[in-house]
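Colleague: Before we go through this chain together, could you put the model on the screen and then take my questions one at a time?

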Amino acid sequence: MSTPPAQPTSSGAFQPLDSIWNHKLLVVLVAFIVAIGGTYVAYIKGTAVYRVTAVIYVAPRFANILEDSKELEFQSFTQFQQFMKQQARTINRYDIVLEALARLGDRRFDLWQEPDESDREAAERLQQQLQVRDVRDTYLITVSLESENANGLDEIVNSVVKVYLEKAKREEIYAGEDRIEVLSARREAHVLRIQALTKRRGELAQTLGVTTFVEGALNPYDTLLIESTSALFQAERARISADAELATYDAATGGEAARMALSAAGSELASKDPGLNSLKANLYKRRSEVLEQTTGLTENHPVRRIAQRELDDLEREVTSASAQLIAEKSAMLLEERRARVRERAAVEEVLRAQLRGQQEQAAWFATHYNDALDVSNEIARERKALDAIDDRVEFLEIEASAPGFIRVSTWAMPPILPVSGGRTKLAVIFAALGGILGLVAAIAVDLLDRRVQTSRQVQSLVGFPPLAAFLEPSSDPAHRALLADQMRRLALALRRERDANGVRRLLVTAVRHGCGATTIVLELACELERQGLSVLVVEANLFVTDPRYRTTPERPGLLDILEDDLEPAAAIVPGDATLPDRIGTGESEEGQLSECRHLQGFLERLDADYDMVLIDAAPIRLSADTEYLAGICDATWLVVRARLAQIGEVKGSVARLEKAAPPAVGLIMTGLTVFLGGGYYGQILKEYRKAIVAKGHPGAERDTPR
């Protein structure tokens, strides 16, 4: 009683079987009205409904023409399912439906569009009535249309499917035309750039005199410098060799050794001269003839002396001719060496000057050549980008006409037989709907009822379970036995609280009048007296006085005692077999307890004479006196009657109790009924009924709970 348990998960207000039983007439009335209305509607509107269906196949892979593209691949089956759902939502898109109707021309007025209906209204109505579904575990999407008029349904559906296929084809490669347009503009920019770069490279080639520019190879000018340097080195070596040869034969440079070398070289050249050799041969021949003539002649022979002189002349002639030829050859050889030195020096000087000039122009040539290389590289990059653009444009243009993902599996055909409709079926549907609505209405009445109906509902409002829950009084012996047992359990619980926690003053209030708080107090006091306690009940309700508290005019009441500070014994009405000792309120015109300062002393004097004092107070929402009494009593019980107390009244009473902050709070439920289907109390009553029947109690089988 002092520590409330956790709030329950269910309020218990939803009791469908009990609601239906309580409002069975409402169920029958609603069902009857809906069935009658439905029969009338079926009679007026009941016509056959026709349906046409087209089937679209959605492939999991893009059927390409030339090459695959990662852009057109699904990375997982989940992506394909999402694509399927997206296509199913696209088929009845407004622009597709509007264009499909437009393609029908004036025939759309015969098939679909009403005379006074705008194109937008007709398209939106067709959007709503088209049934597009993806068939589970297949690659198919069905497009269906139902109508009471079978004429032209297949034309409408097929027109929608055709427009969808065309738009889906354009949208498969997303923004294909826009991308081609962007790529074409970009291609034109690259072409203009290539033309400008080519013109620039031609100007550089004309300036440099080079027709080819190769990255990573020596430029022609470097090759020219290398060749010029090599030629200069060769010329230097040739000049040095010529100087060495001249020094070998020139006596002015080489001295006597050079003179002797020149003489030897001249002699060698002279020995190879054909004229000198011919002269020597003729002279030697003549000498042989002369020697033949002088053979056998003495030295003093005149002929011998003439021949000897001739021989001497011949010898001198050979020697003279040889010397002259050697001198000529030596002079020629020396002059040849000198000329060669001059020639090699001149060539060297020319090559050196040429190399110097080339070296001076090397930086200029390298700068322009590198510019030409950069231009060539830029042209190559532009051509590479141009090739990529051409490939992409070709892909977009070719694959735009590929079969793609979507194609028609089955076109819609004219309907032959209706798929639904008819007066009988429609009437049956309305009859079933009437029964359902009747049941829902009965349940809704209780759900919308702001009165509390179950203890669990109250428990969900206050936050703790009731100490006791009493059924509605009944003449059924089982009910009376159960109520007596519940009261006995409540008295025992209160007695345990008295023994354990010293609870001697108990305030009993209610959320409103009529909850049965007075009956609970009086019966509880009688039960406590039967258990051996002396109990006094004090009425503190100035709004409604109960006849069971009324006394004779000469006996004072609670108001008289508090006002005149009388002894409590003067106001006590002695108990009898049905009622305990009690004190009535008395008559008051103020509607509230006066002299509240005497209440504490009044209760203390009662505590001295009685084991328990029970105070029957007014509803706490209506009386500030009840709040005051809750603060000076040991415990406070709130009585809530099912099907009487409102939810707002319970919440307001709980809020007042929280402000009063009594030491302990308890909840008592009254007026509960056994719901259809039994439950806990239904089972308990069955047990009591069995026990009473076994004892032969009359009337035990009557008054069965509803």
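Modeller: Let me start with one backbone detail: just after H21, Ala-661 takes a positive phi of about 50 degrees. Please keep in mind throughout that this is a predicted model.

Colleague: Which loop holds Arg-643, and what is the phi of Arg-643?

Modeller: Arg-643 belongs to the loop between S12 and H21. Although Arg-643 is not a glycine, its phi is positive, at about 65 degrees.

Colleague: What distance separates the end C-alpha atoms of H21?

Modeller: Helix H21 covers residues 647-660, which makes 14 residues. At 1.5 Å a residue the helix should span 20 Å, and the model agrees with this, since the end C-alpha atoms are 20 Å apart.

Colleague: How are the buried residues of H21 arranged around the helix axis?

Modeller: The buried residues of H21 are Ile-647, Glu-649, Val-650, Ser-653, Val-654, Leu-657 and Ala-660. Seen down the axis of H21, these buried residues fall within an arc of 160 degrees, so they line one face of the helix.

Colleague: What covers the buried residues of H21, and which exposed residues sit on the face turned away from its buried side?

Modeller: The cover includes helix H15 (455-462), helix H20 (624-632), S12 and strand S13 (665-672). On the face turned away from the buried side, the exposed residues of H21 are Glu-658 and Lys-659.

Colleague: Which residues of H6 are buried, and which are exposed on the other side?

Modeller: Helix H6 spans residues 119-129, and its buried residues are Ala-122, Ala-123 and Leu-126. Viewed down the axis of H6, they fall within an arc of 100 degrees, so they line one face of the helix. On the other side of H6, the exposed residues are Arg-120 and Gln-128.

Colleague: What is the strand order in the open sheet of 8 strands, and which are its edge strands?

Modeller: The pairing in this open sheet is mixed, and the order reads S6-S13-S12-S7-S11-S8-S10-S9. Each edge strand pairs on one side only, and these are strand S6 (468-471) and strand S9 (572-573).

Colleague: Why is S7 described as largely enclosed by the rest of the structure?

Modeller: Arg-505, Leu-507 and Thr-509 point one way from S7, while Leu-506, Val-508 and Ala-510 point the other way, and all are buried. The strand is therefore largely enclosed by the rest of the structure, the count of buried residues in S7 (residues 505-510) being 6 of the 6.

Colleague: How many bridges join S7 to S11, and how many join S7 to S12?

Modeller: S7 pairs in the parallel sense with strand S11 (residues 612-617), where Val-508 stands opposite Asp-616. S7 also runs parallel to strand S12 (residues 635-641), in which Ala-635 stands opposite Leu-506. The pairing with S11 has 4 bridges, and the pairing with S12 has 5 bridges.

Colleague: Which residue of S10 is the bridge partner of Val-538?

Modeller: Strand S8 (residues 535-540) and strand S10 (residues 581-583) run parallel and are joined by 3 bridges. In S10, the bridge partner of Val-538 is Ile-583.

Colleague: How far apart in sequence are the parts tied together by the pair of Tyr-57 and Tyr-139?

Modeller: Tyr-57 and Tyr-139 form an edge-to-face aromatic pair, with 6.1 Å centre to centre and 75 degrees between the planes. Tyr-57 lies in strand S1 (residues 48-63) and Tyr-139 in the loop between strand S2 (130-134) and strand S3 (140-147), so the parts that the pair ties together are 82 residues apart in sequence.

Colleague: What share of the 706 residues of the protein chain counts as buried?

Modeller: The protein chain has 22 helices and 13 strands, and it exposes about 38,900 Å², of which carbon and sulfur atoms supply 54%. Residues that count as buried have under 20% relative accessible area, and of the 706 residues their share is 39%.

How values were computed: Residues are numbered from 1 along each chain as its sequence is written. This is a predicted model: local features need pLDDT of at least 70, side-chain atom pairs count only at pLDDT 80 or more; totals for chains, interfaces and linings use all residues. Side-chain values use heavy atoms; hydrogens and water are left out. Helices (H or I, at least four residues) and strands (E, at least two) are DSSP runs, numbered from the N terminus. Buried means under 20% relative accessible area, exposed over 50%, partly exposed in between (1.4 Å probe, protein chains only). Accessible areas come from the Shrake-Rupley method with a 1.4 Å probe; for residues, only the protein chains shown count as cover. Two strands pair if DSSP finds at least two bridges between them. The arc is that of the directions from the helix axis to the C-beta atoms. The expected span of a helix is 1.5 Å times one less than its number of residues. Contact means heavy atoms within 4.5 Å. Rings of Phe, Tyr and Trp (its six-membered ring) pair if their centres lie within 6.5 Å; planes under 30 degrees apart count as stacked, over 60 as edge-to-face and the rest as tilted.
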